[in-house]
Amino acid sequence: MGRLVVVSNRVSLPSDKGAKAGGLAVALEEAMSPGSLWFGWSGRRGGTNAGRPAIVEHRGITYATVDLSEAEYRRFYVGFSNGALWPLLHYRSGLFDFRRDEFEGYLAVNEMFAARLAPLLEPDDVIWIHDYQLLTMAEALRRRGVANRIGLFLHIPFVPPAMLHVLPEACQLVRAMAAADLVGFQTEGDRANFLDCAASCMELHRAGADGFVHDGHRTMTIVTPVGIDAEGFARTAQRAAGMAETRRLVSSLVGRALAIGVDRLDYTKGLPQRFDAFGRLFQRHPEHLRRISLLQIAARSREDVDRYQALRHELDRQAGEINGAYSDFDWTPLRYMTRAVNRTTIAGFYRIASIGLVTPLRDGMNLVAKEFIAAQDPADPGVLVLSRFAGAAEDLTEALIVNPYDADAVADAMHAALLMPAEERVARHAALLGKIRARTAASFCRGFLDQLREIER
Ligand code: ADQ
């Protein structure tokens with residue numbers, strides 16, 4: 001069986017210590033077995049990338065990384081990836097910012113990745129490219145004569161044609177994605193949108209329900225939702241619940257309930273709307289005043305992108321407003337922090353929380369929802385309040401499903417969660433736990449790679 005070559009924008013090197021916020025890094029660690037190669041950006045910038053990739057070996061895995069120049073970083077990463085594609089693929093055309101030089105910078109970095117990876121490849125390697133930063137890389141590899149099996153997995157949503165064509169070069173991207181043999185998505189909806197976009201961009205013949213042929217090349221699609229190591233996370237949470245940080249959190253609550261939110265500080269995560277809904281809880285259901293605190297951990301992310309700074313200012317303002325309006329001398333309703341906290345500590349916090357608030361405005365999957373479920377004590381679990389616009393909601397139907405734009409409804413769901421009888425909490429949690437145990441990070445990787453390896457080239 002051929003070697004696995006994973007390509008992602010960022011490579012998490014074995015030397016990277018400390019807290020990591022980001023679902024992709026977590027999921028991919030499961031895919032890497034000894035003998036594999038992981039290729040991507042080192043995270044360094046400012047240097048030149050003219051030379052060969054830097055190679056590090058660790059526990060049988062080879063890590064090959066390239067640096068980006070400052071101009072590449074600005075155009076490819078800050079510009080087109082995060083200023084144009086990220087908002088567009090999260091249905092936020094109002095935030096979409098297209099600049100042609102940035103689009104060209106994006107194509108050039110995808111091209112450069114292909115040029116640096118190609119000499120490292122062996123004929124039976126299976127190549128698995130990840131996410132929205134690298135949508136044109138499969139095509140760039142093909143142009144270099146790479147005939148290996150290539151898979152592409154998109155961790156974020158894919159939009160319908162009416163939204164995608166807001167992007168002037170939409171069809172160029174879709175055609176480049178189709179150069180892969182297998183294109184994977186988090187949900188059926190995302191896959192259907194991609195197939196519709198492909199049909200809107202090129203002459204194609206459908207190959208069964210899941211694929212198509214264009215110009216003699218067959219592109220198949222697959223839906224493989226990303227999961228977590230549910231058993232491992234449950235063990236971590238159980239252990240963490242006894243650790244000093246969790247004990248300190250419990251004693252600071254003095255018997256009050258805890259709601260928890262854990263996100264990257266990103267406008268797709270619906271944090272201003274969540275804060276609004278939390279304030280609304282006290283207006284609509286004042287019996288909860290002084291009885292609950294919300295701990296929101298929002299790790300700063302993409303601080304070079306202007307919109308993220310604006311979001312931070314908005315949240316600072318809102319947090320001040322809520323605490324100014326409702327705090328008492330011995331109770332603060334909202335505890336809001338913007339640094340990353342390590343996953344073990346967070347696991348302990350989830351376990352003691354009565355409510356997990358996962359209310360993104362749009363999300364490919366959302367692993368925090370799954371981690372919250374895994375971390376609960378099955379005999380006395382907390383309740384997950386989950387946005388219908390998270391990919392996770394397609395499967396996790398026993399959560400309290402909400403529309404995150406409806407602050408009153410989210411407040412009412414929190415109220416319902418706080419009053420929910422133990423029997424109902426246990427039943428909902430058992431059903432959810434069964435689901436996240438069935439679809440783990442490992443089964444995500446296996447599901448995608450088994451199908452990719454079956455493809456005849
Ligand atoms: P993200 O948008 O980064 O991932 P998510 O799925 O929630 O979102 O993954 C976040 C991961 O980082 C989780 O493991 C979480 O514990 C951790 N994390 C989040 N906030 C943190 C914080 N404040 N401190 C410490 N750790 C934090 C993208 C897509 C998602 C998709 C994943 C995986 O946007 O929709 O689920 O990839 O495919």
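The legends below describe close-up views of a predicted model. Because the model is predicted, local features require pLDDT of at least 70 and side-chain atom pairs count only at pLDDT 80 or more, while totals for chains, interfaces and linings use all residues. Residues are numbered from 1 along each chain as its sequence is written, and side-chain values use heavy atoms, with hydrogens and water left out.

**View 1. The two domains of the protein.** The protein is divided into domain 1 (4–227 + 441–454) and domain 2 (230–437), with bounds that come from an automatic or database domain assignment. The centres of domain 1 and domain 2, taken over C-alpha atoms, are separated by 31 Å. Domain 1 gives 27 residues to the contact and domain 2 gives 23 residues, where contact means heavy atoms within 4.5 Å.

**View 2. The largest nonpolar core.** A nonpolar core is a set of buried Ala, Val, Leu, Ile, Met, Phe, Trp, Tyr and Cys residues joined through side-chain atoms within 4.5 Å; buried means under 20% relative accessible area, exposed over 50%, and partly exposed in between (1.4 Å probe, protein chains only). The largest such core has 99 residues, and those with the most contacts inside it are V7, F113, I129, L141 and F158. Helix 2 (residues 70–89) supplies the largest share of this core, 10 residues. Domain 1 and domain 2 both give residues to this core, so it lies between them. A second, separate core of 59 residues includes V6, W38, A353 and A393. Leaving aside residues up to four places away in sequence, F113 touches V7, S8, N9, F39, G40, W41, V66, L134 and M137.

View 3. L89 belongs to helix 2; helices (H or I, at least four residues) and strands (E, at least two) are DSSP runs, numbered from the N terminus. With a relative accessible area of 1%, L89 is buried. Among residues beyond four places away in sequence, L89 touches Y132, I156, P157, F158, V159 and L164. The C-alpha atoms of L89 and R362 are 9.2 Å apart, although 273 residues separate the two along the chain.

View 4. Rings of Phe, Tyr and Trp (its six-membered ring) pair if their centres lie within 6.5 Å; planes under 30 degrees apart count as stacked, over 60 as edge-to-face and the rest as tilted. The count by this rule is 28 aromatic pairs. The ring centres of F98 and F103 lie 6.1 Å apart with planes at 45°, so this pair is tilted. F98 is partly exposed at 22% relative accessibility, whereas F103 is buried at 2%. Ring pairs join F76, F80, F96, F98, F103 and Y106 into a cluster.

**View 5. Charges over rings.** A charge sits over a ring if NZ of Lys or CZ of Arg is within 6 Å of the ring centre and within 35 degrees of the ring normal. The charged end of R302 is placed over the ring of W86, 4.1 Å from its centre. R10 lies over the face of W41, 5.7 Å from the ring centre.

**View 6. Paired parallel strands.** Two strands pair if DSSP finds at least two bridges between them. Strand 5 (residues 126–130) and strand 6 run parallel and are joined by five bridges; I129 has L152 of strand 6 as its bridge partner. In strand 6 (residues 149–153), four of the five residues are buried. Strand 11 (residues 257–264) runs parallel to strand 12, with eight bridges between them, and A259 stands opposite L294. Both faces of strand 12 are covered, with I292, L294, Q296 and A298 buried on one side and S293, L295, I297 and A299 buried on the other.
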